[in-house]
Amino acid sequence: LHFAHGGEADFRGEDGFLYAMLHHSGLAVNALFEACAFFLTSPHNLKVRGTFVTDVFIKVKTELTGRMLRVEFTPNMPPTPLVYGIDGGKALQLRPGSPPVTLEDVSLWVTKGERAETLHVRTGGWAIDAAARLIWQTATPGKKQVDLTFVPLRDPLAPNPRTGKVVAPHGLVGQSFDGDNIAVFGNKDHCARHLGPVSYTHLRA
């Protein structure tokens, strides 16, 4: 996990569990963790059983009228990403290279690079990127992880422009946007120090 102000920590999620990554006014970003083994080259061929974010689910409410959009980004189970709330109950698939889909202050689009396909979500208060890429040295060929990035576009501790209320960000990463400008570092797994043929990640930040 990469926190606000530069801190970071390792986190092993429960296989098949959803975790709140960032929740704020009119926004909820949740991530599904899935168990997947991978290999380290040093020490040679050490098998590590860890967990990765493999799916992302976002709910965002527009600030002007309060319309709700729901986004499902499941790169291991295409078609994806799918957006609900633009055209009634129908799912709209976002495709790389297509123009952004915009509803009031919310915009969504997808870009595709050499190694990753990235879902971009912009709201009045946040820039959210979810980059799907192959898990390095995975024991499950073709398996993808999703890397999440959160950037505030205004002071997340300021009153909401629509409601006037102050709601502090929360969630595994969201809680680090506390305004103190202090980098907080949590625990880190040290799999390379393991002497057996298989190592397990275990830390919870």
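Lys and Arg are counted as positive and Asp and Glu as negative, whereas His and the chain ends are not counted. Each charge is placed at NZ of Lys, CZ of Arg, CG of Asp or CD of Glu. On this basis the chain holds 21 positive and 19 negative charges, and their mean positions are 5 Å apart.

The structure is a predicted model, in which local features need pLDDT of at least 70 and side-chain atom pairs count only at pLDDT 80 or more, while totals for chains, interfaces and linings use all residues. Residues are numbered from 1 along each chain as its sequence is written, and side-chain values use heavy atoms, with hydrogens and water left out.

## Overall architecture

The chain has 0 helices and 12 strands; helices (H or I, at least four residues) and strands (E, at least two) are DSSP runs, numbered from the N terminus. In sequence order the pattern is β-β-β-β-β-β-β-β-β-β-β-β.

The C-alpha trace spans about 55 × 40 × 25 Å along its principal axes.

## Surface and burial

The accessible surface of the chain comes to about 11000 Å², and 55% of it belongs to carbon and sulfur atoms. Accessible areas come from the Shrake-Rupley method with a 1.4 Å probe, and for residues only the protein chains shown count as cover. Of the 205 residues, 41% count as buried. Buried means under 20% relative accessible area, exposed over 50%, and partly exposed in between (1.4 Å probe, protein chains only).

## Nonpolar cores

A nonpolar core is a set of buried Ala, Val, Leu, Ile, Met, Phe, Trp, Tyr and Cys residues joined through side-chain atoms within 4.5 Å. The largest such core has 34 residues, of which Ile58, Leu119 and Phe150 touch the most other members. Beyond its neighbours within four places in sequence, Leu119 is in contact with Ile58, Val71, Phe73, Pro81, Leu94, Trp109, Val110, Ile128, Asp129 and Ala130. Another core lies apart from the largest one and has 7 residues, including Cys36, Leu46, Val48 and Ile135.

## Cis peptide bonds

Two cis peptide bonds are described here, one between Pro78 and Pro79, with omega about 5°, and one between Thr80 and Pro81, with omega about -5°. Pro79 is in the loop between strand 4 (68-73) and strand 5 (82-87), and Pro81 is likewise in the loop between strand 4 and strand 5. Pro81 is also one of the contacts of Leu119.

## Loop residues

Gln137, in the loop between strand 10 (126-134) and strand 11 (144-152), has a positive phi near 55° although it is not glycine. Its relative accessible area is 36%, so Gln137 is partly exposed. Thr138 lies in the loop between strand 10 and strand 11 as well, but counts as buried at 18% relative accessibility. Apart from residues within four places in sequence, Thr138 is in contact with Cys36, Ala37, Phe38 and Lys143; Cys36 is among the members of the core of 7 residues.

Asn181 is another residue other than glycine with a positive phi, near 55°. Asn181 is found in the loop between strand 11 and strand 12 (198-200), and its 65% relative accessibility makes it exposed.

## Strand 1 and the segment before it

Gly16 belongs to the segment before strand 1 (18-24) and is partly exposed, at 48% relative accessibility. Leaving out residues up to four places away in sequence, Gly16 touches Leu32, Phe33 and Glu34. Gly16 and Glu34 are 18 residues apart in sequence, with a C-alpha to C-alpha distance of 5.4 Å.

His24 lies in strand 1 and is buried, at 15% relative accessibility. Not counting residues up to four places away in sequence, His24 touches Trp126, Pro156, Val167, Ala168 and Pro169. Along the chain His24 and Trp126 are 102 residues apart, and their C-alpha atoms are separated by 9.5 Å.

Terms used: Contact means heavy atoms within 4.5 Å.
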